[in-house]
Amino acid sequence: MDRARTSHGSTNYMNEWAIFSGILSNNASLNPDFYNWNRVKLRYCDGASFAGDAKFANGTSLLYFRGQKIWEAIVLDLLPRGLENAHKALLAGCSAGGLATFLHCDNFTRMLPNASVKCLSDGGFFLDERDVSFNHTIRSNFEDIISLQGVEKNLDHRCTLDHHKLCFFPSYALKYITTPFFVLNSAYDTVQFHHILVPPSADVEGKWNHCKHDPAACNGNQIAVLQGFRRDMLKALGPFLKVSQGGGTFINSCVAHCQSNLQETWFSVDSPRIYNRTIAEAIGDWYFSRRETKDIDCGYPCEKTCHNLIPLPQVPECAKCGSVGNKTLTSQADSYDGFGFKCSLSLILVVWLLS
């Protein structure tokens, strides 16, 4: 109920203005491959990656979860505004929006039968991983969301026949997606590190606090746990990397979350790189089939091009800071409240190009 009265639960409380940077920039020098595309940002507030469709009533409160219907209504509204004439289209999302691209990619493709459609998830490859106390915290949270919001009926039916509610996790859903797909993710994603691998419930004594806020402060055992998380992510991506013909990846070792919508990490002089390619260059090469892009970075701390954005919990409204060379970068890294992803970077993007 508290969430419903904030910008995390209703557009009534959202800022009317939004920054279009990174992959949404209209500056050719900052976004060389997509600067002249039509760009739409879909604000997220439903708590289930645009997949819920249910009503909750307990006698005193009434809540409507309509993420699936919101998604469908927005795309249907965009079609006569030019989307139906698109020659090329890209569905992209960050964080919970990145998860939404897994859930809605093929549906989006079916709505654009005459376009070349591809999908991109940034920071949305959430793992079905046990936490450091060996509990399935994230699985339990996701199952609560799925049950409350009636999500399962909107998941891929081929997947649910095999995996049921687990299809909300990208690692289960990905193999059923037929649209060309790109996974952009940090192997040490801060949201997953802080809320899946080491949630507060698994670290009541705060032994991980220093490590969470400065990877250089992690002890040997903690580094080993983080490296194990990276191995599990690469293992989960293994079948996709092996059999996908049109797929792509950019899995770097930056301690960060969401990298396509910040100019500093998307395309700039000191942007993170793998094989000397920025994220923008790698995604552009993949989208336009200029070359295969299945890039995987070496493990932390070998990579020297990272900004290593570390969330700082004392900053309000999810505003986080990290160093970028000799500059200070302020970003809005998402947090997880145990009942859906909250902050404004949880979004989904529709970009298209007319012929």
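**Entry 1. Aromatic cluster**

I began with the rings and found that Phe34, Trp37, Phe182, Trp286, Tyr287 and Phe288 form one aromatic cluster. The model is predicted: local features need pLDDT of at least 70 and side-chain atom pairs count only at pLDDT 80 or more, while totals for chains, interfaces and linings use all residues. Residues are numbered from 1 along each chain as its sequence is written, and side-chain values use heavy atoms, with hydrogens and water left out.

I described each pair of aromatic rings by the distance of the centres and the angle of the planes. My rule pairs rings of Phe, Tyr and Trp (its six-membered ring) if their centres lie within 6.5 Å; planes under 30 degrees apart count as stacked, over 60 as edge-to-face and the rest as tilted. The count by this rule is 16 aromatic pairs.

I looked up Trp37 and Tyr287, which form an edge-to-face pair at 5.4 Å centre to centre with 80° between the planes. This pair links distant parts of the chain, 250 residues apart: Trp37 is in the segment before β1 (38-43) and Tyr287 is in helix α10. Helices (H or I, at least four residues) and strands (E, at least two) are DSSP runs, numbered from the N terminus. I recorded both Trp37 and Tyr287 as buried; buried means under 20% relative accessible area, exposed over 50%, and partly exposed in between (1.4 Å probe, protein chains only).

I then took Phe182 and Trp286, whose pair is tilted because the ring centres are 5.1 Å apart and the planes stand at 55°. Here too distant parts of the chain are linked: Phe182 belongs to strand β6 (residues 181-186) and Trp286 to helix α10, 104 residues apart. Phe182 and Trp286 are both buried.

**Entry 2. Lys118 over the rings**

I checked for charges over rings, requiring NZ of Lys or CZ of Arg within 6 Å of the ring centre and within 35 degrees of the ring normal. Lys118 lies over the face of Trp286, 5.2 Å from the ring centre. The charged end of Lys118 also sits over the ring of Tyr287, at 5.1 Å from its centre.

**Entry 3. Thr293**

Where does Thr293 lie? I placed Thr293 in the loop between α10 (279-287) and β10 (294-296). Thr293 counts as buried because its relative accessibility is 1%.

For polar contacts I took pairs of N or O atoms within 3.5 Å; within protein, one must be able to donate a hydrogen and the other to accept it, and residues adjacent in sequence count only if both atoms are side-chain atoms. The side chain of Thr293 makes such a contact with the side chain of Arg277 (3.3 Å), and the side chain of Thr293 reaches the backbone oxygen of Ala282 at 3.3 Å. I also listed contacts (heavy atoms within 4.5 Å). Leaving aside neighbours within four places in sequence, the partners of Thr293 include Phe182 and Trp286 from the aromatic cluster, and among the others are Gly247, Gly248, Thr249 and Asp285.

**Entry 4. Ser186**

Ser186 lies in strand β6 and, at 2% relative accessibility, counts as buried. A polar atom of the Ser186 side chain is 2.9 Å from the backbone nitrogen of Tyr188. I noted that Ser186 and Val255 are 69 residues apart in sequence and 6.7 Å apart in space, C-alpha to C-alpha. Beyond four places in sequence, Ser186 is in contact with residues including Met233, Asn252, Cys254 and Gln259.

**Entry 5. Disulfides**

I counted a disulfide as a pair of cysteine sulfur atoms within 2.5 Å, and the total by this rule is 6 disulfides. One of them joins Cys94 to Cys258 (S to S 1.8 Å). The disulfide is right-handed because the torsion about the S-S bond of Cys94 and Cys258 is about 100°. Cys94 lies in strand β4 (residues 86-94) and Cys258 in the loop between β7 (248-252) and α9 (263-266), so the pair ties together parts 164 residues apart in sequence.

A disulfide also joins Cys105 to Cys119 (S to S 2.1 Å), right-handed with 95° about the S-S bond. Cys105 is in helix α2 (residues 96-110) and Cys119 in strand β5 (residues 116-122), so parts that are 14 residues apart in sequence are tied together. Cys105 and Cys119 are both buried.

For Cys298 and Cys302 I found a disulfide with S to S 1.7 Å. Cys298 is partly exposed at a relative accessible area of 35%, and Cys302 is partly exposed, also with 35%.

**Entry 6. Confidence**

I looked up pLDDT, the predictor's confidence in each residue, from 0 to 100. The chain averages 85, and 84% of the residues score at least 70. Over residues 310-346 pLDDT stays under 50, and the model has 99 contacts beyond four places in sequence for them.
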